[in-house]
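Here's a quick briefing for anyone meeting this protein for the first time. Have a look at the fold, then read on for a tour of a few spots in it.

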Amino acid sequence: MHWYFVAALLTILTSSQGILTTLSQSNGKYLYDYATVPFLAEVFKLLLSSLFLWRECRVSPITRVTTEWKSVRLYVIPSIIYLIHNNVQFATLTYVDTSTYQIMGNLKIVTTAILFRLFLRRRLSNLQWMAIVLLTVGTTTSQVKGCGEASCDSMFAAPIQGYMLGVLSACLSALAGVYTEFLMKKNNDSLYWQNVQLYTFGSIFNMARLVLDDYRSGYENGFWWQRLFNGYSITTWMVVLNLGSTGLLVSWLMKYADNIVKVYSTSLAMLLTMVLSVNLFNLKPTLQLFLGIIICMMSLHMYFAPPNMLVDLPAQARAAPESLKEVTIERRTGS
C-alpha cells in the first residue's frame with residue numbers, strides 16, 4: 001500500500017470526524033458522555049490490532065515480537081504525553097477563545113518539523129522548510145476571520161499565560177507524534193504488535209480518565225461503565241469507528257512514512273472540513289479560506305515534488321552532462 005493512498009484516506013477520515021461529531025449532537029448538546037468516545041476508539045483499535053496480529057502470526061511464523069519489559073514500557077510514554085497535552089489544552093482555553101486557540105494550534109506544524117529534525121535526525125531541504133512555513137501560513141490564513149469580526153481583536157487580547165500554554169500544547173503534540181514515530185521505527189517488530197502495545201496503554205489511560213471524572217463529580221451519575229453506551233446513536237458509533245480508523249492509519253504512516261506526511265494530511269483535512277461545512281452547515285465561504293487553500297496547495301507541491309520540477313534549469317546546464325565525451329590519451333615514450 002502506497003503512503004500517499006493512506007495519507008489521502010487519513011485526510012478524508014480526519015475531515016469527516018468533526019462533521020460526524022457535530023451531527024451526533026442533538027439541539028447543540030451531546031446526549032452521551034463524550035469522554036467515552038476516545039476510550040471506545042482505543043478499545044476498537046486494540047481489538048482490531050490484536051486480530052490482525054493473531055492472523056499474521058498464523059500466516060507467518062517468523063513474525064517479530066519483542067516482549068522484553070524494557071521495550072514494552074517505552075509505549076506508555078506517548079499516553080502520558082497525550083494525557084498532559086489534554087490537560088494543557090483545557091488550561092489554554094481558560095485564557096484564550098476558541099478561534100485564537102485554533103490559530104495557535106497551527107504552531108504544531110512548525111514544532112513537529114523542528115523536533116523531527118532534532119530528535120529523528122531527518123534532514124529537510126531549504127525548499128521543504130519553506131513549504132512547512134507556507135503550510136502554517138495557509139492554515140492560519142484560512143482560519144482568520146475578517147477584521148470586522150470581534151474575534152479579530154480578541155486574538156491579541158489574551159493574557160501571556162494563554163500564549164505560553166498554546167506554545168506548550170503545540171510542543172507536546174509534536175513531541176507525542178515524533179516519539180511515536182521513533183517507537184514504530186526503532187526495530188522491525190510487527191506493526192500490529194506495536195499497535196497492541198500503544199493501544200493497551202491508551203485504553204488504560206482513557207479508562208483512568210473516566211474514573212477520575214466520576215470521582216470529581218462525586219459519582220453523581222453513577223460509575224462510568226453504567227453509562228458507557230447511554231445516548232449512543234448510529235452517528236455516535238460512526239464517530240467512534242472513524243476515530244479508531246484514523247488512529248490506525250496514523251500508526252501506519254508513522255511506521256512506513258513520517259510525521260510530516262501526517263501533518264500535511266491533518267492540515268488538508270482541516271481545510272476540507274471547512275469546505276464541506278459550507279454546504280452541510282450553510283457556512284459562508286470567505287476570501288481567507290480560498291487564499292489558505294491556494295497557499296496550502298503550493299506548500300504541498302513544494303514539499304513533495306522533485307527539485308527538478310521546482311527549479312527550471314537553463315537548457316545549456318541540462319545539456320552539459322550529455323556533451324561530455326570520453327577522451328583517450330595515449331602516452332608515448334621516446335626511445
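## A tour of the fold

Let's start with one side chain: Phe229 has a relative accessibility of 46%, so this residue counts as partly exposed. Keep in mind that the model is a predicted one. Overall, the protein has 15 helices and zero strands.

**The whole protein**
- Of the 335 residues in the protein, 41% are buried.
- If you take the contacts with a separation of 6 or more, 84% of them are between residues 24 or more positions apart.

- How many aromatic pairs does the count come to? The answer is 19 aromatic pairs.
- One of these is Phe39 with Trp224, an edge-to-face pair with 5.2 Å centre to centre and 75 degrees between the planes.
- This pair links distant parts of the chain, since its two members are 185 residues apart.
- Phe39 sits in helix H2 (residues 36-59), while Trp224 is in the loop between helix H10 (191-216) and helix H11 (234-256).
- Are the two partners buried or exposed? Phe39 is buried, with a relative accessibility of 10%, and Trp224 is buried too, with a relative accessible area of 9%.
- Phe229 and Tyr232 make an edge-to-face pair as well, with 6.1 Å centre to centre and 85 degrees between the planes.

- Along the chain, Ser50 and Val196 are 146 residues apart, yet their C-alpha atoms are separated by 6.2 Å.

**Helices H7 and H12**
- When two helices pack, the description uses the angle between their axes and the distance between the axes.
- Helix H7 (residues 126-143) packs with helix H12 (residues 259-280) at an angle of about 20 degrees, and the axes are 11 Å apart.
- Why call H7 roughly parallel to H12? Angles under 35 degrees get that label, so H7 is roughly parallel to H12.
- The crossing of these two, H7 and H12, is left-handed.
- On the H7 side, the contact involves Ala131, Ile132, Leu135, Thr139, Ser142 and Gln143. On the H12 side, they meet Ile260, Val263, Tyr264, Ser267, Met270, Leu271 and Met274.
- Sorted by class, the contact of H7 with H12 has nine nonpolar residues, four polar ones and no charged ones.

**Helices H10 and H11**
- The axes of H10 and H11 come within 11 Å and cross at roughly 125 degrees.
- With that angle, H10 and H11 are oblique to each other.
- Their crossing, H10 with H11, is right-handed.
- From H10, the residues in contact are Leu191, Gln194, Asn195 and Tyr199. They meet Gly247, Leu248, Ser251, Trp252, Lys255 and Tyr256 in H11.
- By class, the contact of H10 with H11 has five nonpolar, four polar and one charged residues.

Methods
Residues are numbered from 1 along each chain as its sequence is written. This is a predicted model: local features need pLDDT of at least 70, side-chain atom pairs count only at pLDDT 80 or more; totals for chains, interfaces and linings use all residues. Side-chain values use heavy atoms; hydrogens and water are left out. Axes are lines fitted to C-alpha atoms, for helices over the stretch in contact, and angles run from 0 to 180 degrees between N-to-C directions. Helices (H or I, at least four residues) and strands (E, at least two) are DSSP runs, numbered from the N terminus. Angles under 35 degrees count as roughly parallel, over 145 as roughly antiparallel, 65 to 115 as roughly perpendicular and the rest as oblique. A crossing is left-handed if the near helix is turned anticlockwise from the far one by less than a right angle, and right-handed if clockwise. Contact means heavy atoms within 4.5 Å. Ala, Val, Leu, Ile, Met, Phe, Trp, Tyr, Cys and Pro count as nonpolar, Asp, Glu, Lys and Arg as charged, and the others, Gly among them, as polar. Rings of Phe, Tyr and Trp (its six-membered ring) pair if their centres lie within 6.5 Å; planes under 30 degrees apart count as stacked, over 60 as edge-to-face and the rest as tilted. Buried means under 20% relative accessible area, exposed over 50%, partly exposed in between (1.4 Å probe, protein chains only).
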